[in-house]
Structure formats: C-alpha cells, structure tokens
Amino acid sequence: MILHVFNPEHEMALAANLHQFTSPRAGREMRSYLSFLPALWANDGDAVWVEDVEKAHESLERIGLPYANIMFVTAKHIPQLPIDSVYPWGWDRSIVHQLKRLQVSSACLPTDDQLREIREISSRQWTSIHLLPILNELDETIVCEADYVTSLSSFTRPVVFKSPWSCSGRGVRYALNEQQFSANQNWAKNVIEKQGGIMVEPYYQHSLDFAMEFESTAEGIKYLGISLFLTNLGGYTGNILASEDYKLQVISQYIPLSVLDKVRVELLKQMKEYLQDTYWGPFGVDMMVVNDESHYRLHPCVELNLRRTMGHVALSLQSKFVHPMLMSVKYDKGYRLDISPMESI
C-alpha cells in the first residue's frame, strides 16, 4: 500500500531542520483543510493521511471530480496498514520523524544522508551555484542572476531578497528603492542569522509565470509537462488547467519555444546527475518571462522545488476539462481548493 501525505509546511521544516518541528498556524491549517488533496492523483488501493476522514470526503465531493478507490486514514490507523511506499508533498526531517513514530518502516523513508542532500539541493543557494551559470549560457534570450551573501551592502539597484528556504512567496522581500531597502534590513539580517545567508537577486519586471514539471525515478528523470500559473507579489494564486498546446501557445507569444527546448534538455541532464542517488519523486522548476528594456527574455530557474507542486496537481487534472479553468487555493474560514472557468490570462 502507498501512503500519501500532504505536508505543505515542508519548506518551513527544511529551514528549521528539526526532527520535532512545529509549523506556524497557517501551515497547520493548510495541512488540516487540504489533507485530502493527494486523492486527486492517488491510485486504487492507496491510502491518504488526513486529520478528519468525514471532512476529507466532504471536501473531495464538493470539488466534484472523479477519483480512485482510495482510503482516507488518520494517524491512529497508520501503524496497522501494510505500507510499502510513502509519497509526501516533500521530504524533510520532520515528516520522517512523524512517520517513524507511526511505525512506518525505515525502508520506506530516506536516510539521514539523503535528507541532508535533499535539503541542500532545495536551497536557493544550491541553485545559484549549480544551475543558473549553466542555464545562463544556453541562449542570448536567457537572463538569470542570484548572489548568496552573508552580510548586506548598501543599496545600489532594485533587488529582491529571498531566504534560502521558503515557498509560495514567503521569505521574499522587495527592495526597489532606498526606503524599502532600509525597511527590510532587519528582516534580511534575521534571515542571515537563522539560515546562514540570504539570496540577493536583481528585480525583474515579469510578464508571465510558468514551470516545467518533472519526476525523478529509478530509470532517470521524466519530463511531465508545463505548468502555467498566476502570482501576486511573488505569491502563488492559482494554476491554469489547460492542454499542453494551449500553454505552449501562451508562452510562444513571448519567447521562442526552441529556447524552452534547450532549457528542458539541460535540466534533464543536470538533475539526473544530482538526483539519481538522492531523491525519487516529483519536482518542478519555476520560470518566468521578463520584460527587459522592451524585450522579452526567459528566466529559466526562478526556483527549484524538490517536491510535488501545484503544477503537478494541475497536470493530473488538466485532461478532465475541455476549456481552460483556474485552480486556486482560497481562504474563507479555512483553506479550500476551488476550480472555476476563466476567460483569459
């Protein structure tokens, strides 16, 4: 039996790097309200760990999409299940500790060495060293730059501060002028103190957000497709559920698809080298089209998400709709997944 776990606090757990990590309230609430989410991609006979079985069924029925013959289980059921594989949203020390306490076999879990490597590769610092320099040389339309610093210098140009580990717009602050730079100095110094350093990136005027979604397997890296998504001030707001042709047509209005092909081939090559003995599972690479002096250019790696993403969820659902739809996570006295028609991007 495969056990699926939705642990959206994953990046916060990576930053803390503790066995016994207590997520902030927002993370706990999201996990509680959306714990049913893996039912959308799980297969017959799989189990999904939720906090409330009845509420999980209600949430799934409200969405109104077909799903496999899965079993919702709570923590008390897990020790009795014949679990031979675990698919979490993301691997970190905290989720491994939780599963061990529930008597899940260590054979289903990554080793301490693998967890250390997963955490390292999940850092924005790792991406700036191992991926950005290579991707930047692929094509003249590509632009990407990021510096890892352990102290702050004076303001010289508009920049974006990013903590090494964070997600969905969290851990990101804009310093577009001297006033914003000064206002965010204490926050940045606090990140440096807690995480050892901070990323400083040029501010890009972005025009389109999307990602390439992959899966690392025993046979190598598989490319799964494009994820087209929406953001607000750097935070995720929703995914477009549409065909690959539709998504590529949208992107082609900004940049040649041949550039995407170069990036995809290089990512398959590089990530196979780094993940083959470390991580098996889904991962995604966030990208964006930027408006650089009236010319569109591609930023090929805004972020590497070494975990499942909402883009993977969108790919698993896109074939169920004829017309483009918007999948978003909303909060109204609790998080909920909402899928509604959309007119345009």
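This is a predicted model: local features need pLDDT of at least 70, side-chain atom pairs count only at pLDDT 80 or more; totals for chains, interfaces and linings use all residues.
Residues are numbered from 1 along each chain as its sequence is written, and side-chain values use heavy atoms, with hydrogens and water left out.

**Overall shape**

- The chain has 12 helices and 15 strands, where helices (H or I, at least four residues) and strands (E, at least two) are DSSP runs numbered from the N terminus.
- The radius of gyration, taken over C-alpha atoms, is 20 Å, close to the 20 Å that the globule rule gives for 345 residues, so the chain is as compact as a globular protein of that length; the rule is 2.2 Å times the number of residues to the power 0.38.
- The C-alpha trace spans about 60 × 45 × 45 Å along its principal axes.
- Of the 345 residues, 51% count as buried; buried means under 20% relative accessible area, exposed over 50%, and partly exposed in between, with a 1.4 Å probe and protein chains only.
- Contacts have heavy atoms within 4.5 Å, and among those between residues at least 6 apart in sequence, 67% join residues at least 24 apart.

**Cavities**

- On a 1 Å grid over the protein atoms alone, a cavity is a set of points where a 1.4 Å probe fits but cannot get out, and lining residues have an atom within 4 Å of a point.
- The largest cavity holds about 180 Å³ of space, a volume being the space filled by probe spheres set on grid points that are joined across faces, edges and corners.
- Its lining has 23 residues, with Ser122, Arg124, Thr127, Glu303 and Leu304 nearest the centre.
- Strand 13 (295-305) gives the largest share of that lining, six residues.
- The lining of the largest cavity divides into eight nonpolar, eight polar and seven charged residues; Ala, Val, Leu, Ile, Met, Phe, Trp, Tyr, Cys and Pro count as nonpolar, Asp, Glu, Lys and Arg as charged, and the others, Gly among them, as polar.
- The second largest cavity, of about 30 Å³, is lined by Pro8, Met12, Gly27, Met30 and Arg170.

**The second largest pocket**

- A pocket is an open set of points with protein on both sides within 12 Å along at least five of seven lines.
- The second largest pocket contains about 860 Å³ of space, and of its 37 lining residues, Tyr87, Glu215, Trp280, Gly281 and Pro282 lie nearest the centre.
- Strand 4 (85-88) gives the most to this lining, with four residues.
- By class, the lining of this pocket has 19 nonpolar, 12 polar and six charged residues.

**Cysteines**

- The structure holds zero disulfides, a disulfide being a pair of cysteine sulfur atoms within 2.5 Å.
- For cysteine 301, the nearest cysteine sulfur is that of cysteine 144, 7.7 Å away.
- Cysteine 301 is buried at 2% relative accessible area, and cysteine 108 is buried at 13%.

**Loop residues with positive phi**

- Serine 294, in the loop between strand 12 and strand 13, has a phi near 70° although it is not a glycine, and this residue is exposed at 68% relative accessibility.
- Lysine 333 lies between strand 14 (325-331) and strand 15 (335-341); its phi is about 60°, and at 75% relative accessibility it counts as exposed.
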